[in-house]
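Welcome! Let us walk through this model together, one pair of neighbours at a time.

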Amino acid sequence: MTTRRFLSTLAVAALALAAAGCGRSVERQVDAIYAAERDGRLDQRTLEIALRASQPKVRATAAAAIGRSRNEELIPLLAIAAADKDPGVRASAAGALGQLGSAKGVPTLDPLVGDPIALVRRRAIQSLAMLRAPEGATPLFRLLDDPDEDVRRAAIEALSEIGVPEASDAAMAALDDDDQLVRFAALDALARLKDPCSRDLLSGLRDASDPQERGAARRILLDLDPGASCGPAGPPIPPAVAKKLEEAEKARLAAEKAAADAAAREAAAAQAAAQNAAGAPGQAAPTPAPAPNAPAAPAQPAPRNPSPDGAGSAR
């Protein structure tokens with residue numbers, strides 16, 4: 001038996017005893033994983049035993065060690081950790097899948113993107129961004145309406161890192177997000193993507209109320225190629241993105257209408273004030289008073305009563 005195999009057998013025995021509850025503390029189990037990793041004896045069997053340990057910290061440590069191994073053949077073991085009942089273990093598995101750097105891990109990350117715990121979702125999103133696999137973009141569109149603002153921001157950032165054509169549409173839709181940091185992430189994404197189709201929307205932000213958003217929009221517009229035009233329609237926009245774009249357009253039109261109505265009211269008020277100052281239109285000019293010492297107008301003679309035969313009666 002070689003020395004390496006002997007040490008590996010010892011590591012397996014130690015972890016097996018720990019998993020069975022034979023007196024080893026959690027810290028010693030974790031130390032055993034680190035020692036096996038450092039000595040190059042952390043094999044699949046050792047990891048399988050560690051992933052069955054009773055303590056979540058041991059299982060999470062084993063999952064993280066798989067990520068550091070950069071061995072994509074261990075992805076099936078991470079699938080076990082990804083289905084763990086403990087969210088910390090699932091988060092560790094999500095991060096390890098990104099560290100492995102293989103697109104083969106995307107199917108395992110897909111359910112983690114929809115995990116009920118926001119931390120797990122964020123770790124899964126970050127790993128998809130690291131992998132930059134186009135097939136990893138599909139589950140990210142489901143997160144544009146996520147209740148957690150950090151998840152929404154991470155999804156926008158990941159889509160821009162992956163660089164699929166729909167990423168620009170998602171970033172434009174996120175410009176209407178209620179959270180300022182999500183809007184900043186959307187602006188950063190548009191700056192990275194340099195999509196000429198965003199020119200009109202960014203032009204509207206040049207007068208935004210927030211000075212940082214105004215400045216970012218103006219910088220992005222300066223970086224856009226002035227000769228580039230919005231090309232032909234790309235792949236269909238995901239429903240979540242299309243919904244946010246529609247809502248953003250409705251909000252923009254409503255704001256424009258409100259501004260136009262306010263301007264019309266101000267113009268009408270200004271016109272009414274000007275008319276009041278100059279006198280109401282259509283009012284008859286007052287009759288001028290006679291000048292003093294002016295001669296009186298001669299009295300007009302009263303007409304005579306006509307006779308029945310048409311001749312005036314003489315007296």
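## Two helices side by side

In helix α9, Glu-149, Arg-152, Arg-153, Ile-156, Glu-157, Ser-160 and Glu-161 meet Leu-181, Val-182, Ala-185, Ala-186, Ala-189, Arg-192 and Leu-193 of α11. Contact here means heavy atoms within 4.5 Å, and helices (H or I, at least four residues) and strands (E, at least two) are DSSP runs numbered from the N terminus. By class, this contact has 7 nonpolar, 1 polar and 6 charged residues. Ala, Val, Leu, Ile, Met, Phe, Trp, Tyr, Cys and Pro count as nonpolar, Asp, Glu, Lys and Arg as charged, and the others, Gly among them, as polar.

A word on where this comes from: the model is predicted, with local features needing pLDDT of at least 70 and side-chain atom pairs counting only at pLDDT 80 or more, while totals for chains, interfaces and linings use all residues. Residues are numbered from 1 along each chain as its sequence is written, and side-chain values use heavy atoms, leaving out hydrogens and water.

How do α9 and α11 lie? Their axes come within 9 Å and cross at roughly 0°, the axes being lines fitted to C-alpha atoms over the stretch in contact, with angles from 0 to 180 degrees between N-to-C directions. The two helices are therefore roughly parallel, a term for angles under 35 degrees.

Now turn to α2 (residues 26-38) and α4 (residues 56-69), whose axes come within 9 Å and cross at roughly 15°. That makes α2 roughly parallel to α4. On the α2 side, the contact is made by Val-26, Gln-29, Val-30, Ile-33, Tyr-34 and Glu-37, and on the α4 side by Lys-57, Val-58, Thr-61, Ala-62, Ala-65 and Arg-68. These residues divide into 7 nonpolar, 2 polar and 3 charged.

Next comes α5 (residues 75-82), where Ile-75, Leu-77, Leu-78, Ala-81 and Ala-82 are buried, that is, under 20% relative accessible area with a 1.4 Å probe, protein chains only; over 50% is exposed, and in between is partly exposed. Seen down the axis of α5, these buried residues fall within an arc of 150°, so they line one face of the helix. The arc is that of the directions from the helix axis to the C-beta atoms. Their cover includes α3, α4, α6 and α7.

Finally, find Asp-176 in the loop between α10 and α11. Asp-176 counts as partly exposed, at 38% relative accessibility.

Stepping back, the chain has 14 helices and 0 strands, and buried residues make up 38% of its 315 residues.

Definitions and conventions: Parallel < 35°, antiparallel > 145°, perpendicular 65-115°, else oblique.
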